[in-house]
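Here is a short briefing on one protein model. Look at the sequence and the fold first, then read the points below.

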Amino acid sequence: MALKLDFSTLDLMDALDLAILIEAEARERYKFFTEQIGRRYAVDAASIFETMAMNEEKHGRQLGDRRRELFGDKPLRVSRTAIFDVEAPEFGAPRWNMSPLKAFKLALASEEKAYWFYDEAIKHVKDPAVRELFAELRDEETEHVRMVKDAIKALPPGSDVDLENEDD
């Protein structure tokens, strides 16, 4: 499903709402993955997804605080149906036995996808405040990409190996 939104018509409140929905979708997807594959050891795929969910939740809270400061309790005008998989990882991507490296690469792809979403959206936005917000969000995604790449570099040897079948 593609985005069903005309960026040229967005005002700042709608842009904030869209960003909040994108963060919530990614958080929910990471939480689902954490529950789906379960925790097995300290730095496993589920722990990585759990950390990513917390990061998305924090970012969503920050955006929500900003929205309340600017617009109070005005109701949302952007629907969740306007987005699908903007930042969230693909549903079928995780596996119960995936290595920490594969989990981080999945997170990296999601953060890169979010960067490209905001970068592309800027080209279609007319409102200067929305352009500024999307540029800020794009730059934050750049930082998230860097953080995930740093985490990948810091993985210990063997982090690229999937778990073996526990039934063997």
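Helices (H or I, at least four residues) and strands (E, at least two) are DSSP runs, numbered from the N terminus. This is a predicted model: local features need pLDDT of at least 70, side-chain atom pairs count only at pLDDT 80 or more, and totals for chains, interfaces and linings use all residues. Residues are numbered from 1 along each chain as its sequence is written, and side-chain values use heavy atoms, with hydrogens and water left out.

**Overall fold**

- The protein has four helices and zero strands.
- Read from the N terminus, the order is α-α-α-α.
- Of the 168 residues, 45% are buried. Buried means under 20% relative accessible area, exposed over 50%, and partly exposed in between (1.4 Å probe, protein chains only).
- Contact means heavy atoms within 4.5 Å. Among contacts between residues at least 6 apart in sequence, 81% join residues at least 24 apart.

**Nonpolar cores**

- A nonpolar core is a set of buried Ala, Val, Leu, Ile, Met, Phe, Trp, Tyr and Cys residues joined through side-chain atoms within 4.5 Å.
- The largest such core holds 21 residues; Phe-7, Leu-18, Tyr-118, Phe-134 and Leu-137 touch the most other members.
- Helices H1 (12-37), H2, H3 (100-122) and H4 (128-153) each give two or more residues to this core. H1 gives the most, with seven residues.
- Apart from this core lies another, of 20 residues, including Ala-103, Phe-104, Leu-108 and Ile-152.
- Leaving out residues up to four places away in sequence, Tyr-118 touches Ala-19, Ile-22, Glu-23, Phe-134, Leu-137, Arg-138 and Glu-141.

**Helix H2**

- The expected span is 1.5 Å times one less than the number of residues.
- Gly-72 follows H2, with a positive phi near 60 degrees.
- His-59 lies in H2. It counts as buried because its relative accessibility is 4%.
- Not counting residues up to four places away in sequence, His-59 touches Glu-23, Leu-137, Glu-140, Glu-141 and His-144.

**Arg-67**

- Arg-67 is also found in H2. With a relative accessible area of 7%, Arg-67 is buried.
- Beyond its neighbours within four places in sequence, Arg-67 contacts Met-13, Leu-16, Asp-17, Ile-20, Gly-72, Lys-74, Pro-75 and Leu-76.
- Arg-67 and Ile-20 are 47 residues apart along the chain, and 9.2 Å separates their C-alpha atoms.
- The Arg-67 side chain reaches the backbone oxygen of Lys-74 at 2.9 Å. A polar contact is a pair of N or O atoms within 3.5 Å; within protein, one must be able to donate a hydrogen and the other to accept it, and residues adjacent in sequence count only if both atoms are side-chain atoms.

**Helix H4**

- H4 has 26 residues and reaches 38 Å from its first C-alpha to its last, close to the 38 Å expected at 1.5 Å a residue.
- At its start, a side-chain oxygen of Asp-127 comes to within 2.7 Å of the backbone nitrogen of Ala-129.
- The buried residues of H4 include Leu-133, Phe-134, Leu-137, Arg-138, Glu-141, His-144 and Val-145.
- Buried residues of H4 pack against H1, H2 and H3.
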